[in-house]
Amino acid sequence: MFDFLTKKFSSIFSKFSGNPRITQDNINTALEQVKESLLEADVPLEVINDFIENVKAKALGLQVNKALNAGEQFIKVVYQEDCSFLGGTNFVTPNFQIPSVIMVMGLQGSGKTTTVAKIAYFLKDLALKKGKPRNILLASVDFYRPAAIDQLEILAKSLDTLPAVAGGYGGHGGMNGRVDFYRSTHSNPVQAASDIYKKFKNNQYDYLLLDTAGRLHVDGNMLQELKEIDANLEPKYKILVLDSMTGQESLRVAKAFDQVVGFNSAILTKIDSDTRGGAAFAFKYMLKKPIIFLGSGEKPSDLELFYPDRMANRILGMGDMLSLIERAEAQIQKDDKERVTQNFASGNFSLEDFADQLKMMGKIGSLSKIVQYLPGMSGLNMTPEMIEKSESEIKRFKAMISSMTLKERIVPKILDASRKERIAKGSGTSLKDLNLLLERFEQSKQFAKLFNKKGGFKGMFK
Ligand code: GDP
């Protein structure tokens with residue numbers, strides 16, 4: 001879904017190449033491109049203008065930061081704004097209290113019925129993972145589309161016997177919890193909803209997932225009916241299902257539902273289609289309500305949690321490079337970094353510097369995280385076992401280096417057999433480990449020469 005924005009954004013960053021600072025001139029061209037990409041993605045103009053103004057004000061006011069060039073600084077600001085437009089970083093996994101009624105609303109065709117099944121799947125799966133099976137009742141008052149009720153009945157049956165946890169339990173009741181379907185005999189949706197609610201209460205279900213009537217367009221009668229059902233059942237959760245393919249239209253739908261019935265959160269469906277990213281962007285900005293899930297397919301398991309920061313990353317197409325830049329900036333003291341970098345780049349560094357480097361890596365994060373962050377590196381075949389092995393190797397290296405004297409760290413060649421044995425003993429390692437450390441240290445020196453030729457640390461972030 002967000003590929004479209006991603007491609008556009010990537011071309012923007014090249015606008016700054018060669019410029020050390022963000023200026024009124026170079027920012028304007030880049031902002032024009034951001035604007036164009038958002039327009040093409042069907043984001044409403046008022047939202048775009050606000051976004052652009054915020055980015056501009058923040059980017060121009062930035063202190064010159066030696067660690068990042070202008071392009072990187074601009075990326076950072078766009079990303080941060082993008083992230084805050086999408087809801088900030090305060091993501092909490094949706095938590096549905098027990099017992100509760102979850103009323104699912106939306107236009108016909110938005111994916112409401114499918115989403116009811118997806119939520120049931122999510123609740124069953126979560127309950128089984130926690131070892132606390134729950135009983136879920138599914139029902140529908142969508143009398144305008146009778147086939148939707150039959151569809152829900154079929155889905156409920158398949159969910160009831162589904163082994164929600166991979167390789168886990170299957171079957172009905174007991175350890176697995178039940179997913180039941182109930183069809184009310186009332187033909188009036190408001191009465192039917194109250195009847196369904198009685199069934200839920202009398203049989204002590206944990207959750208009632210109520211599929212409501214949709215129409216092709218926002219309709220006064222539909223909203224009125226929902227309002228009455230809401231007043232009678234007082235559902236703890238009212239979720240609006242929005243079709244992400246409808247772009248700005250979904251925003252009008254959301255506003256109409258909000259004014260008459262109100263809702264707590266939204267689920268954006270069909271993000272697996274080639275739809276544009278505008279709906280999520282505009283919805284979050286205008287309605288200020290959480291998007292809790294994304295629907296990414298037709299199966300009950302095709303439901304993803306919505307993480308604003310991940311979505312922002314996806315939109316920008318930057319991988320997690322930004323996080324790496326930020327962490328590096330915040331956690332590595334600059335003089336420390338410069339000294340180590342200089343020594344490293346000159347190929348003239350000691351085991352002391354090597355230890356510093358290992359410490360810096362420790363500050364940035366575990367090796368597995370670093371590998372994920374670096375573009376191109378995530379494709380490397382680093383298995384979890386290999387990463388674990390390297391990480392424990394690094395720990396041993398650090399222990400051995402700290403058992404050495406300063407002189408030994410600077411000129412490791414002076415280590416004789418008895419010193420080596422004592423260091424290994426003192427650091428709880430073996431002679432083999434120590435020889436490996438010395439070998440790796442020599443390799444690093446070779447690598448440093450190569451690294452220097454390729455432009456050093458700066459080259460890594462280009
Ligand atoms: P309702 O009228 O709102 O209840 O909509 P339905 O649940 O019947 O869904 C309408 C159509 O959209 C059906 O063909 C669904 O299979 C499809 N659909 C629903 N959610 C998704 C989704 O996340 N991705 C895709 N690709 N299709 C979906």
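Colleague: What does a backbone N or O atom of Gly 111 lie 3.0 Å from?

Modeller: An oxygen atom of the ligand. Keep in mind that this is a predicted model.

Colleague: OK. How far is the backbone of Leu 107 from a ligand oxygen, and what about Lys 270?

Modeller: For Leu 107, a backbone N or O atom sits 3.4 Å from an oxygen atom of the ligand. For Lys 270, a backbone N or O atom is 3.0 Å from a ligand oxygen.

Colleague: And how much of the ligand's accessible area does the protein cover?

Modeller: On its own the ligand has 580 Å² of accessible area, and the protein covers 81% of that.

Colleague: Which residues come nearest to the ligand?

Modeller: There are 17 residues around the ligand, and the nearest are Gly 109, Thr 113, Thr 114, Asp 272 and Glu 298.

Colleague: How does that shell split by class?

Modeller: It has 10 polar residues, 6 charged and 1 nonpolar.

Colleague: Which element gives the largest share of the shell?

Modeller: Helix α5, residues 112–129, which supplies 4 residues.

Colleague: Switching to helix packing. At what angle do α3 and α10 cross?

Modeller: Roughly 80°, with the axes of α3 (residues 45–60) and α10 (residues 278–287) coming within 10 Å. Angles from 65 to 115 degrees count as roughly perpendicular, so α3 is roughly perpendicular to α10.

Colleague: Which residues make the contact?

Modeller: From α3 you have Glu 46, Val 47, Asp 50 and Phe 51, and on the α10 side Phe 281, Tyr 285 and Met 286.

Colleague: How many of those are nonpolar, and how many charged?

Modeller: The contact of α3 with α10 has 5 nonpolar residues and 2 charged ones, with no polar residues.

Colleague: Now the backbone. Is the peptide bond from Ile 98 to Pro 99 cis or trans?

Modeller: That one is cis, with omega near -10°.

Colleague: Where does Pro 99 sit?

Modeller: Pro 99 is in the loop between α4 (70–85) and β1 (100–106).

Definitions and conventions
Residues are numbered from 1 along each chain as its sequence is written. This is a predicted model: local features need pLDDT of at least 70, side-chain atom pairs count only at pLDDT 80 or more; totals for chains, interfaces and linings use all residues. Side-chain values use heavy atoms; hydrogens and water are left out. Axes are lines fitted to C-alpha atoms, for helices over the stretch in contact, and angles run from 0 to 180 degrees between N-to-C directions. Helices (H or I, at least four residues) and strands (E, at least two) are DSSP runs, numbered from the N terminus. Angles under 35 degrees count as roughly parallel, over 145 as roughly antiparallel, 65 to 115 as roughly perpendicular and the rest as oblique. Contact means heavy atoms within 4.5 Å. Ala, Val, Leu, Ile, Met, Phe, Trp, Tyr, Cys and Pro count as nonpolar, Asp, Glu, Lys and Arg as charged, and the others, Gly among them, as polar. A residue is near a molecule or strand if one of its heavy atoms lies within 4 Å of it. A polar contact is a pair of N or O atoms within 3.5 Å; within protein, one must be able to donate a hydrogen and the other to accept it, and residues adjacent in sequence count only if both atoms are side-chain atoms. Accessible areas come from the Shrake-Rupley method with a 1.4 Å probe; for residues, only the protein chains shown count as cover.
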